[in-house]
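Biologist: Please take a close look at the part of this model where the chains meet, and describe it in one connected account.

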Amino acid sequence: MTTAAITPARDVPEQRPGLRSWLTTVDHKRIGILYLLVTLFFFVTGGLMALVIRLQLESSNGTVVSPDRYDQIFTMHGTTMVFLFVVPVMAAFGNYIVPLQIGARDMAFPKLNAASFWLLLFGGATMYSSFAFGGGPDTGWTGYPPLSVQSPGHGMDFWIVGLHILSISSILGAINFICTIHNMRAPGMRLTRMPLFTWCMEFYSIMILGALPVLSGALTMLLLDRNYGTNFFTASGSPILYQHLFWFFGHPEVYVVALPGFGMISEIVPVFSRKPIFGYKALVYAIAAIAFLGFVVWGHHMFATGLSAPVDAWFSIASIAIAVPTGIKIFNWIGTMWMGRIRYEPPMLFAVGFILLFMIGGLSGIFLAIYPIDLQVTDSYFVVAHFHYVMGSVPVFAVLGGLHYWYPKMTGRMLDRTLAIWSFWVLFVGFNMTFFPMHALGLSGMPRRIATYQTHPGWETMNQIATLGSFVLSVGVLMVAYNCLKSLRYGRLAGNDPWQANTLEWYTTSPPPPHNFDDLPPVRSERPLADLRSDAAILAVSGD
Amino acid sequence: MATLVTAVPAMAGTATLNSPESPNAHSIDTLYRAVLGVTVTVFVLVGGWLVYSAIRFRERPGRTYPDPPQVRGSTQLEIGWTIVPVLILVGLSAFTFYKLPDVKDVPKGAMEVKVLAQQYGWTFTYPNGKHPPGPNTLVVPVDTPIHLDMRSKDVIHDFWVEQLGQKQDVFPNKVTHTWFEAQKAGTYEGQCAEFCGPGHATMTITVRVLSKEEYKSFMAQKAIS
């Protein structure tokens with residue numbers, strides 16, 4: 001068998017185990033793990049804030065926290081989950097997995113990669129330090145002016161500066177991913193043979209480059225309005241302009257989060273169905289279509305502002321159109337499972353759960369795209385339900401699916417299967433108990449972002465179910481965390497390829513050596529390892 | 001588990017918007033029900049297909065299986081499941097734009113009420129310059145189209161009384177419009193639906209709808225200038 005040449009590993013320094021070598025590392029795998037630890041820390045922080053929100057709303061006239069504090073908490077819950085968890089957690093997996101999947105030795109710019117990570121930590125710390133300097137930001141993760149211009153104290157200034165730092169982190173990361181993917185693929189790995197997770201990280205990066213600079217511009221103007229008397233977004237300027245700029249970033253951001261999640265599902269489903277992915281090219285085109293459409297639908301967040309009729313019509317139709325490529329992906333995943341031989345290892349369970357939940361989020365999105373209906377349900381708990389089925393199902397089910405899938409590669413050990421299956425079911429029940437009743441709350445008139453409510457028929461029951469659900473969900477998260485810690489020491493040894501997977505990361509040892517690969521197999525399709533197995537089977541049959 | 005069991009029937013009753021009492025709210029409700037029908041059908045079919053595949057093709061321990069067919073795709077199928085959703089969505093869009101004018105257009109000859117929103121309350125002014133008494137309360141006659149001419153004194157707010165129709169944001173730098181025509185006398189509750197600061201939750205709206213005779217005597221005796 002021929003083995004493709006790979007750059008000699010001589011210049012890759014040895015790694016030491018100590019703390020200092022971790023803090024100064026430029027190795028993509030270590031940076032990936034640092035990313036993972038930090039983003040999961042922020043996930044827990046954002047989750048704890050969500051529990052305070054749920055306790056406050058558990059009954060009418062809740063007094064767990066004051067309205068001021070409540071506003072800071074829901075603002076930082078949203079900001080943390082979006083900017084410090086779901087977006088960078090994709091960079092965690094991208095960092096660890098993409099160079100391995102394409103057979104590279106590291107990312108294209110290892111030092112820049114380390115800079116992205118440290119900026120993430122620094123940006124998060126900047127934002128949270130506002131609580132030590134007189135109070136956190138308090139105008140929602142969207143920060144609409146004029147309210148955000150008038151907000152007293154320095155919470156909003158910390159928020160703006162923190163977001164600037166996070167934007168730089170994400171933009172540097174995106175440049176790095178694009179350069180890596182385009183320049184460092186293994187011999188034989190054409191774009192049409194690239195693993196789907198890597199494809200999704202490519203589009204993730206392109207969308208970050210298109211969207212985040214616009215947010216940075218808007219935030220700069222907001223900072224000037226707050227501190228230097230400009231009037232970009234005040235009543236003397238144009239408050240609505242901020243909303244256009246914010247959502248021009250904000251809607252692509254949804255797909256920045258979702259696409260890598262789709263990528264993880266597209267890796268897991270074929271491996272555990274023992275079939276190639278159904279319609280590889282159609283999936284890549286669907287991902288590209290979603291990435292493009294993601295940039296032209298921002299106005300559906302603004303139907304209630306009173307745009308003109310033709311503008312409403314455009315944003316309505318374009319938003320509805322996203323259902324088509326989204327549908328294609330779901331059909332292709334089910335098509336992959338059809339007639340397969342499905343092994344219910346934990347990653348597959350998470351994948352099937354994700355597809356089901358994302359379908360609910362996608363279908364409730366149609367109500368929000370059709371603008372007369374949006375005018376009733378927008379800014380109500382219906383929207384909160386919708387975006388948690390979309391933005392929440394990705395990290396809880398796709399990312400945890402990915403974590404269960406790649407944990408053996410990262411640590412060399414298997415997670416406890418029984419515990420993983422139990423934690424899936426606890427998470428699945430908890431997730432639906434928390435977020436499904438919110439559809440009903442919104443339909444019966446409960447606006448989002450209210451710190452409290454008067455006694456209202458139906459609202460209390462639904463809120464109680466949601467609060468109970470949020471604690472069930474927390475138990476599920478704790479079970480996963482316990483499993484990860486326990487298995488680090490006691491897990492069964494994984495070996496190179498415990499799942500009989502398809503892509504190059506499973507060719508090397510678990511965990512991989514600092515230089516990743518000693519040699520690479522030939523890449524003749526998008527499943528080089530499956531090809532290797534079938535070659536071996538043919539050799540065995542022919543008796544050679 | 002007991003909570004879940006009791007929750008299911010409770011949820012079934014809340015799968016729709018609160019009972020509409022204005023033509024625009026009725027149009028949205030009709031559209032909502034149509035979309036609910038389509039989406040629930042799609043969910044049952046596709047979700048059913050997913051769950052069926054997930055169960056039917058599972059590997060059971062202790063049995064040996066042949067290798068599954070290594071199918072890489074099917075152009076016909078893939079074109080099919082692109083075109084069918086397109087057709088459904090074109091249908092939904094067409095229905096939307098057919099229903100649209102009812103929702104947005106303010107009927108001619110509507111009674112114009114000026115609305116001023118501020119942190120955290122609403123002031124309503126009738127065409128004759130008088131105001132309804134009581135904070136955050138609008139009093140209007142039944143079966144009369146009401147055109148709201150809205151402005152904010154400070155930040156962005158949003159006028160939302162669900163049974164009387166859609167939301168409309170209220171801005172400090174421009175006038176926005178919405179309308180309703182209450183078809184039944186009674187009291188309708190709503191509240192500000194755009195986050196506007198720590199008092200956001202207290203910025204409620206009450207619309208009291210009177211019979212035409214009651215409204216006349218209300219204007220003569222109770223409206224304040």
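Modeller: Within chain A, 83% of the contacts between residues at least 6 apart in sequence join residues at least 24 apart, contact meaning heavy atoms within 4.5 Å. This is a predicted model, in which local features need pLDDT of at least 70 and side-chain atom pairs count only at pLDDT 80 or more, whereas totals for chains, interfaces and linings use all residues. Residues are numbered from 1 along each chain as its sequence is written, chains are lettered from A and ligands numbered from 1 in the order in which they are written, and side-chain values use heavy atoms, with hydrogens and water left out.

Chain A has 17 helices and zero strands; these are DSSP runs (helices H or I, at least four residues; strands E, at least two), numbered from the N terminus. Of its 544 residues, 67% count as buried, where buried means under 20% relative accessible area, exposed over 50% and partly exposed in between (1.4 Å probe, protein chains only).

At the interface, 90 residues of chain A are in contact with 82 residues of chain B. The two chains bury about 7200 Å² between them, with 71% of it on carbon and sulfur atoms; this is the accessible area (1.4 Å probe) that two parts lose on being put together, summed over both.

Four salt bridges are counted between chain A and chain B, each a side-chain nitrogen of Lys or Arg within 4 Å of a carboxyl oxygen of Asp or Glu. Helix H11 (residues 323-337) of chain A gives the largest share of the side that touches chain B, nine residues. That side of chain A divides into 56 nonpolar, 21 polar and 13 charged residues; Ala, Val, Leu, Ile, Met, Phe, Trp, Tyr, Cys and Pro count as nonpolar, Asp, Glu, Lys and Arg as charged, and the others, Gly among them, as polar.

Arg341(A), Glu59(B) and Asp67(B) are linked in a network of salt bridges. Between Glu59(B) and Arg341(A) the closest N and O atoms are 2.9 Å apart. In the salt bridge of Arg341(A) with Asp67(B), the closest N and O atoms are 3.2 Å apart. This pair crosses between chains: Arg341(A) is in the loop between H11 and helix H12 (346-369) of chain A, and Asp67(B) is in the loop between helix H2 (23-56) and helix H3 (75-104) of chain B. Arg341(A) counts as buried because its relative accessible area is 15%, whereas Asp67(B) counts as exposed because its relative accessibility is 66%.
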